[in-house]
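Open the model in your viewer and keep the selection tool at hand. We will go stop by stop.

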Amino acid sequence: MESRWRKAKMSLGLNLCVYVPRTLEGDEPNTASSTAALVSPVASSSSAATSANTTPTAASEEQSHGKVKGGAGALMPTTPTPTSAGLRLSKSGSKSFKKTCAICLTTMKPGQGHALFTAECSHTFHFHCISANVKHGSNSCPVCRIKWKELPFRGPLPAELPQGNARIAPVNGYQNGGHMTILRPLPRARSSGRLHHLTALLPDNDPSTFNDDEPLDLLSEATEDPQQGCLRTVEIKTYPEFTEVPENVSERSFTVLIHLKAPLAQNLQAPSNLGDANGLNTSRAPVDLITVLDVSGSMAGTKLALLKRAMGFVIQNLGSSDRLSVIAFSSNARRLFPLRRMTESGRQQSLLAVNSLTSNGGTNIAEGLRKGSKVIEDRQAKNPVCSIILLSDGQDTYTVSPTAGVHKGAPEYCALLPSTNGNQQVPVHVFGFGADHDSVSLHSISQTSGGTFSFIETEAAIQDAFAQCIGGLLSVVAQGLHVKVESLHPDVHFGSIRSGSYSSRIADDKRNGSIDVGDLYAEEERDFLVSVNVPSGYGETALLKVGCVYKDPLMKETVNMADVQVKISRPAFVSVQSVSVEVDRQKNRLHAAEVMAEARFTAERGDLTNAVSLLEDCRRMIMGSVSGQSGDRLCQSLDAELKEMQDRMANRQRYEASGRAYVLSGLSSHSWQRATARGDSTDSESLIQAYQTSSMVDMLLRSQTMSRSSTPRGTPQMRHAKSFPARPQPR
């Protein structure tokens with residue numbers, strides 16, 4: 001007994017913790033301590049004030065001799081009070097130690113096989129929980145946020161500690177031979193006045209190759225119903241600008257609309273218990289998702305808290321066949337964990353890692369993007385769908401030279417995007433957060449990769465923006481979609497293909513063309529305008545035919561759609577030519593996008609008055625068109641969006657704070673014909689809801705329901721929070 005306490009006092013004096021085994025030499029089995037306990041010294045600020053002249057060794061020795069009574073069975077560690085100068089042990093083993101770990105929210109009680117750790121601020125946690133926090137970058141108490149002088153970490157068992165048969169049971173796979181080293185002192189901050197970045201305290205231990213991804217769920221793939229792929233076909237429709245053209249009339253520029261619509265999602269509803277990832281349906285293509293998150297110093301406080309909540313929502317809504325990896329970046333970037341399946345244990349470990357994030361340092365977007373791309377390129381297995389989500393709230397303080405200007409640095413990111421195999425592109429969906437992010441560079445990243453750019457203006461909109469994005473990613477029904485058009489008349493030639501950001505080509509003979517569409521979410525629609533000449537003719541003129549080919553990601557089969565022909569009637573006389581409302585609507589959309597780009601270019605030159613005037617003229621044109629007069633919803637949405645852009649160009653300050661990002665997000669949405677978050681676009685009452693699908697809306701409703709249920713009664717809904725003010729000086 002004396003030998004044991006001599007070792008304990010020595011360890012306490014050296015600011016270490018001691019591993020107390022169940023039995024030691026000389027102890028009777030029935031009187032041994034009921035559990036393996038980790039005991040740490042506590043030296044809070046209040047204790048320093050009351051016991052300034054008491055050294056930790058003396059305090060520990062005093063408690064060892066003066067506070068312990070009874071046999072070995074009375075050794076029951078308890079949480080010290082803030083005024084205690086060291087370790088306090090209960091006088092009787094009959095009093096139950098029962099508290100809740102602030103990290104995993106489960107009960108802490110000695111004797112349950114889990115080691116406990118008491119920090120210098122007097123708060124106690126499961127050792128595996130707090131050491132995981134430290135591993136992922138936290139150096140402060142999760143409860144009181146006090147910066148710790150010493151950190152718990154895992155390491156080899158010190159040589160002087162007894163090697164008994166009892167071993168600490170591993171939890172969630174965390175183990176190191178059953179033994180743990182407890183404390184590592186933090187280095188003192190330098191006096192140079194520079195930021196003491198977390199990356200300097202905890203070096204980047206990422207491997208050189210990210211080929212440690214978890215294997216795919218091959219069992220669920222083998223049990224897919226092969227009949228489900230039969231109904232998953234893309235619908236093709238065509239609309240000529242006019243259905244009738246007089247027989248003796250020729251047209252030099254005649255517009256044909258090609259309309260594509262993806263099939264309905266199969267059983268995308270989640271079970272009532274969102275926490276059960278294994279209960280999520282498997283009748284969709286599984287996803288490899290990499291989130292690259294900004295945790296720089298400007299993300300401190302509410303921003304980081306809501307980002308964690310949004311990531312928790314994403315994790316809870318991924319299925320057991322989906323895989324997730326998280327990259328956090330500030331001055332440097334680090335991978336929190338490799339691509340892992342979102343099974344029950346995978347979600348728990350992912351939530352723990354995300355919860356441990358702390359904000360610190362600068363903004364190194366390039367390094368975060370590089371590591372996110374590396375996770376994709378180095379993975380051993382590949383799910384059918386893959387994407388990156390990138391969020392940042394500031395200017396890149398590392399990649400872009402301050403003297404060069406943020407707009408000139410945007411192309412530097414292109415070389416960091418994931419390399420593609422064949423025609424499959426990995427989109428990076430980018431979220432600009434707040435008033436100080438570099439919207440030009442972020443928009444450039446999304447455009448180059450085939451992703452979207454969203455502008456998150458308010459704090460509480462993070463989760464809804466993420467929800468809308470993953471609602472689409474979890475419903476991909478077509479991949480690598482390729483549209484081909486071919487002339488059916490020897491005198492019909494293609495003039496142009498207006499396809500937005502999608503790559504299109506016209507052959508040298510002007511009789512063949514193609515469009516690379518890529519992936520389609522369930523129920524998504526794509527519209528392209530093809531301009532052709534119409535020669536004179538009689539009876540009926542066949543202009544062109546449209547077909548497409550794509551891959552079904554669930555069935556892993558190539559689908560070839562039958563060609564659809566476009567024909568027009570050629571009567572001798574046409575009294576009134578009625579323009580197609582569908583064609584007119586899409587002309588308005590493309591014209592609005594062109595005016596938005598022109599207005600932005602004008603605003604960047606400092607001529608906000610002319611920019612607002614351009615937007616006003618466009619609004620009048622759209623609402624006076626055939627589709628606008630018919631009350632078309634897309635035209636109403638375009639009018640509301642153009643009006644919002646006018647308001648955000650009212651003055652230079654507002655344009656810099658939100659106008660530029662809002663316009664770029666709108667351009668991204670219309671050029672890809674895919675929903676992005678901007679302003680109140682995720683609000684169910686907003687007019688600006690273009691391109692939303694049912695799966696996106698369902699995920700948004702799920703997010704908003706969760707937000708309302710987690711908001712205390714009497715607290716206003718956070719989704720109506722004010723937008724971020726611009727910082728007076730860039731970081």
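**Stop 1: two helices side by side**

Select helix α7 (residues 302-316) and helix α11 (residues 461-473); they pack at an angle of about 25°, with their axes 8 Å apart. That angle makes α7 roughly parallel to α11. Angles under 35 degrees count as roughly parallel, over 145 as roughly antiparallel, 65 to 115 as roughly perpendicular and the rest as oblique. Axes are lines fitted to C-alpha atoms, for helices over the stretch in contact, and angles run from 0 to 180 degrees between N-to-C directions. Helices (H or I, at least four residues) and strands (E, at least two) are DSSP runs, numbered from the N terminus.

Now show the side chains. From α7, the contact uses Lys303, Leu306, Leu307, Arg309, Ala310, Met311, Phe313 and Val314. From α11, Ile462, Gln463, Phe466, Ala467 and Ile470 take part. Contact means heavy atoms within 4.5 Å. How do these residues divide into nonpolar, polar and charged? Ten are nonpolar, one is polar and two are charged. Here Ala, Val, Leu, Ile, Met, Phe, Trp, Tyr, Cys and Pro count as nonpolar, Asp, Glu, Lys and Arg as charged, and the others, Gly among them, as polar.

**A note on the model**

This is a predicted model: local features need pLDDT of at least 70, side-chain atom pairs count only at pLDDT 80 or more, and totals for chains, interfaces and linings use all residues. Residues are numbered from 1 along each chain as its sequence is written, and side-chain values use heavy atoms, with hydrogens and water left out.

**Stop 2: the whole chain**

Zoom out. The chain has 17 helices and 24 strands. Of its 731 residues, 54% are buried. Buried means under 20% relative accessible area, exposed over 50%, partly exposed in between (1.4 Å probe, protein chains only).

**Stop 3: helix α10**

Select residues 439-449, helix α10. Nine of its eleven residues are buried, so the rest of the structure largely encloses α10. Colour the buried ones: Ser439, Val440, Ser441, Leu442, His443, Ser444, Ile445, Ser446 and Ser449. Their cover includes α9 (365-378), β14 (385-392) and α16 (652-672).

**Stop 4: helix α9**

Move to α9. Eleven of its 14 residues are buried, so α9 too is largely enclosed by the rest of the structure. Among the buried residues are Ile365, Leu369, Val375 and Asp378. What covers them includes β11 (287-294), β12 (323-329), β13 (333-341) and α10.

**Stop 5: Arg570**

Find Arg570 in strand β24 (residues 564-570). Is Arg570 buried or exposed? Arg570 is buried, with a relative accessible area of 3%. Next, pick Glu540, 30 residues away along the chain: its C-alpha atom is 5.3 Å from that of Arg570. Leaving aside neighbours within four places in sequence, Arg570 has contacts that include Val245, Pro246, Tyr538 and Glu540.

**Stop 6**

Select Lys556, in the loop between β22 (539-552) and β23 (557-560). Lys556 is not a glycine, yet has a positive phi of about 55°. Lys556 is partly exposed, at 47% relative accessible area.

Finish at Tyr691, in the loop between α16 and α17 (694-710). Tyr691 is not a glycine either, and its positive phi is about 75°. Tyr691 is buried, with a relative accessible area of 18%.
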